[in-house]
Amino acid sequence: MPDGSRRVAYVAHCLANQNAKVSEFAKCAGVVAPLIERLRANGYEIQQLPCPEMSYLGVARWWQSREQYDTPGYRRHCRALARTVVDTVAVHMKHDYDVVIIGLDGSPSSGVRLTSTKASWGGRPEGAISGGSDRKAGMGVWMTELKNEFESRGMSFPRATGIAMDSQTFDMEASMIEMDEFLAAPKEPA
Amino acid sequence: MIRDDARSRRVVIVADYLVNPGSALYAGVAGRAGPVLDVLVEDGWGLMKPPPHILGEPVGRPAVTTIAGDAVDYQRHDYAVVILAVEGLPQGGVWLDLLEVAFRELGAPMPTVVRLRLDGSEGADTAAGVRAALAAATPREAAPQA
């Protein structure tokens, strides 16, 4: 651990389990190894967020855009998951951990800085090409509800970033250089 | 249509202690976790990791219920699912009691439980030992290729 402080990263579920990805989006067998290596090297403990898409629609789900996931029922599902996550984060904060969140940029659910968009999708699946929906700046539905849960308890949303594995232009090497800078940053003052 | 990608179709429900053995939350736990996380990463296992077992049932129950639901869906689609617990930790460090309840309520069989010992016996402190324990619990067609 570089500076002796306690650190924990809450990572999007699929960063530790590519089996949860929607079909064709898994880019490695199981764990995204370059990320886990960096977390360990920088002294971060690893906590895994649940995947709301997986628990809502299963592993054989269709590709969906953010617009399709943005329903009251799915948001309610995300809020229920968020309560348990924030309960756990609160314990880490109580033990003086620096908490960060690493999402999955480009995802309709787990994007932090980048999410998906395709307002025209719906009905009979057809015409989807490799890469799926388009991308736009902003959070996915799951990250939005997780942030809302923090704020509803008067807690700040932790420092967060995303790995753009769901972007059509994803570059692992460039993404990990950016991750190194994020992980090395000092803890934000309370 | 479901098309192939890089996924392994192998998932392990793993105790937090085996992923974060150096955590300050485990200051009172004796023993060594061995190279478990290294093996899981190198061999392409996907992780489903519940919160630390010391956090108590109000946190554990909803998390484990979600994980069990995911696991049942994986099994339905012929993914291999194994539970990796720690011998000597309460409920294997992975909420085994709550997992049993969750799988029973879902009408699904509990995946095979592999219990690793922290005292170094039975080879659990070596990569070969961890691999052997996992292989014994994994269907041959789903096992990592040497």
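Helices (H or I, at least four residues) and strands (E, at least two) here are DSSP runs, numbered from the N terminus. The model is predicted: local features need pLDDT of at least 70, side-chain atom pairs count only at pLDDT 80 or more, and totals for chains, interfaces and linings use all residues. Residues are numbered from 1 along each chain as its sequence is written, while chains are lettered from A and ligands numbered from 1 in the order in which they are written.

**View 1. Chain B as a whole, with five helices and four strands.** Going along the sequence, the elements of chain B come in the pattern β-α-α-β-α-β-α-β-α. The C-alpha trace spans about 50 × 40 × 20 Å along its principal axes. For the radius of gyration (over C-alpha atoms), the globule rule is 2.2 Å times the number of residues to the power 0.38. That puts a compact globule of 146 residues near 15 Å, and chain B has 15 Å, so the two agree. Now for burial: a residue is buried if 20 or more other C-beta atoms, placed from the backbone, lie within 10 Å of its own. By that count, 51% of the 146 residues of chain B are buried. Two residues are in contact if their C-beta atoms, placed from the backbone, lie within 7 Å. Take the contacts in chain B between residues at least 6 apart in sequence, and 73% of them join residues at least 24 apart.

**View 2. The open sheet of chain B, four strands with parallel pairing.** Strands count as paired if DSSP finds at least two bridges between them. The order across the chain B sheet is E2-E1-E3-E4. E2 and strand E4 (112–117) of chain B sit at the edges, each pairing on one side only. Ignoring direction, neighbouring strands of this sheet are turned by 30 degrees against each other on average, with the axes being lines fitted to C-alpha atoms and angles running from 0 to 180 degrees between N-to-C directions. Zoom in on E1(B) and strand E3 (residues 80–87) of chain B, and you'll find five bridges in the parallel sense. B:Val14 has B:Leu84 as its bridge partner in E3(B).

**View 3. The largest nonpolar core, with 91 residues.** A nonpolar core is a set of buried Ala, Val, Leu, Ile, Met, Phe, Trp, Tyr and Cys residues joined through C-beta atoms within 7 Å. The residues with the most contacts inside this one are A:Leu15, B:Ile13, B:Val14, B:Leu18, B:Leu40 and B:Leu84. For a closer look, pick B:Leu18: setting aside neighbours within four places in sequence, B:Leu18 is in contact with B:Ala33, B:Val36, B:Leu37, B:Leu84 and B:Val86.

**View 4. Where chain B touches chain A, with 34 residues from chain B and 33 residues from chain A.** On the chain B side, at least two residues each come from strand E1 (10–14), helix H2 (36–42), strand E2 (46–48) and helix H3 (57–76). H3(B) gives the most, with eight residues. Sorted by class, the chain B side has 18 nonpolar, eight polar and eight charged residues. In this sorting, Ala, Val, Leu, Ile, Met, Phe, Trp, Tyr, Cys and Pro count as nonpolar, Asp, Glu, Lys and Arg as charged, and the others, Gly among them, as polar.

**View 5. Chain A as a whole, with seven helices and six strands.** From the N terminus on, the elements of chain A read β-α-α-β-α-α-α-β-β-β-α-β-α. The C-alpha trace of chain A spans about 55 × 35 × 25 Å along its principal axes. A compact globule of 190 residues would have a radius of gyration near 16 Å, and chain A agrees at 16 Å. Of the 190 residues in chain A, 48% are buried.

**View 6. The chain A open sheet of four strands, in the order E2-E1-E3-E6 with parallel pairing.** Its edge strands are E2 and strand E6 (159–163) of chain A, each pairing on one side only. From one strand to the next, the twist averages 25 degrees. Strand E1 (residues 7–11) of chain A runs parallel to E2(A), joined by five bridges. A:Val8 is partnered with A:Glu45 in E2(A), and A:Ala9 stands opposite A:Ile46.

**View 7. Strand E2 (residues 44–48) of chain A, with five of its five residues buried.** That is why E2(A) is largely enclosed by the rest of the structure. Both faces are covered: A:Tyr44, A:Ile46 and A:Gln48 are buried on one side, and A:Glu45 and A:Gln47 on the other.

Key:
A residue is buried if 20 or more other C-beta atoms lie within 10 Å of its own, exposed if 12 or fewer, and partly exposed in between; C-beta atoms are placed from the backbone.
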